[in-house]
Amino acid sequence: MGRARDAILEALENLTADELKKFKMKLLSVPLREGYGRIPRGMLLPMDAMDLTDKLVSFYLEAYGAELTAALLREMGMQETAERLQEINSGPGAAPAALAAPARLAPVQTAAKPALHFVDQHRAALIMRVTEVEGLLDALYGKVLSEEQYQAVRAEATNPKKMRKLFSFAPSWNLTCKDLLLQALRDTQPFLVEDLEQS
């Protein structure tokens, strides 16, 4: 799944400042699928490409975030960039036809949601609600995180920033890495995991 996030970032980094501003303005008014909220305007407008990519993935997850990005790029007349993004996002369960028109985004790909791993499905909640980040890091150190990654996460000032930094490494993780994170969450934050599983 990390390829979609990287593709979104690449597409946004290739926009000029004016194009990025136009993209953000379109994002504020594009029709969204049922169940997805809009990124608040005050938060959205000052973001650079990297922050915007993180926010798209945390609000809409990778697959839908990539669809939405491609649809907006098409609206802006950037067909080639949208096509590249679509190619990366296409695969089992993907619905490329949904990229053609934002108005058709709503009903697509609802069946794919249950296949998401717990840590992908609850990424935004985990970023905001995990309080025992150090325990997670200790459990992941050497198995999932390198020394450099471990120190980079620890250097962040707040727990949400630490979790966001931790998730920035997730695109390179396989299923085993995500399972290790989930097990560490169960060990250090059992009530949070239980609450999220029931939501």
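Buried means under 20% relative accessible area, exposed means over 50%, and partly exposed lies in between (1.4 Å probe, protein chains only). This is a predicted model, in which local features need pLDDT of at least 70, side-chain atom pairs count only at pLDDT 80 or more, and totals for chains, interfaces and linings use all residues. Residues are numbered from 1 along each chain as its sequence is written, and side-chain values use heavy atoms, with hydrogens and water left out.

Start with the overall fold. The protein has twelve helices and zero strands. Helices here are DSSP runs of H or I with at least four residues, strands are E runs of at least two, and both are numbered from the N terminus. Of the 199 residues, 47% are buried. Take the contacts (heavy atoms within 4.5 Å) with a separation of 6 or more: 66% of them join residues 24 or more positions apart.

Now look at the salt bridges. Each one puts a side-chain nitrogen of Lys or Arg within 4 Å of a carboxyl oxygen of Asp or Glu. The whole structure holds eleven. In one of them, Arg5 pairs with Asp54, with the closest N and O atoms 2.5 Å apart. Arg5 sits in helix 1 (residues 2–13) and Asp54 in helix 4, so the pair ties together parts 49 residues apart in sequence. Arg5 is buried at 7% relative accessibility, and Asp54 is buried at 15%. Arg5, Asp6 and Asp54 form a network of salt bridges.

Arg33 and Glu67 make another bridge, at 2.8 Å between the closest N and O atoms. Arg33 lies in the loop between helix 2 (17–27) and helix 3, while Glu67 is in helix 4, 34 residues away. Both residues are buried.

Further along, Lys178 meets Asp120 at 2.7 Å, N to O. This pair links helix 11 (residues 175–188) to helix 6 (residues 118–121), across 58 residues. Lys178 is buried at 10% relative accessibility. Asp120 is buried at 19%.

Next, go to Leu196 in helix 12 (residues 190–198). Leu196 is buried, at 4% relative accessibility. Its C-alpha atom is 8.1 Å from that of Ala125, 71 residues apart along the chain. Beyond neighbours within four places in sequence, Leu196 contacts Phe118, His122, Ala125, Leu126 and Arg129.

Finish with Asp48. This residue is in the loop between helix 3 (41–44) and helix 4 (49–75). Asp48 is partly exposed, because its relative accessible area is 40%.
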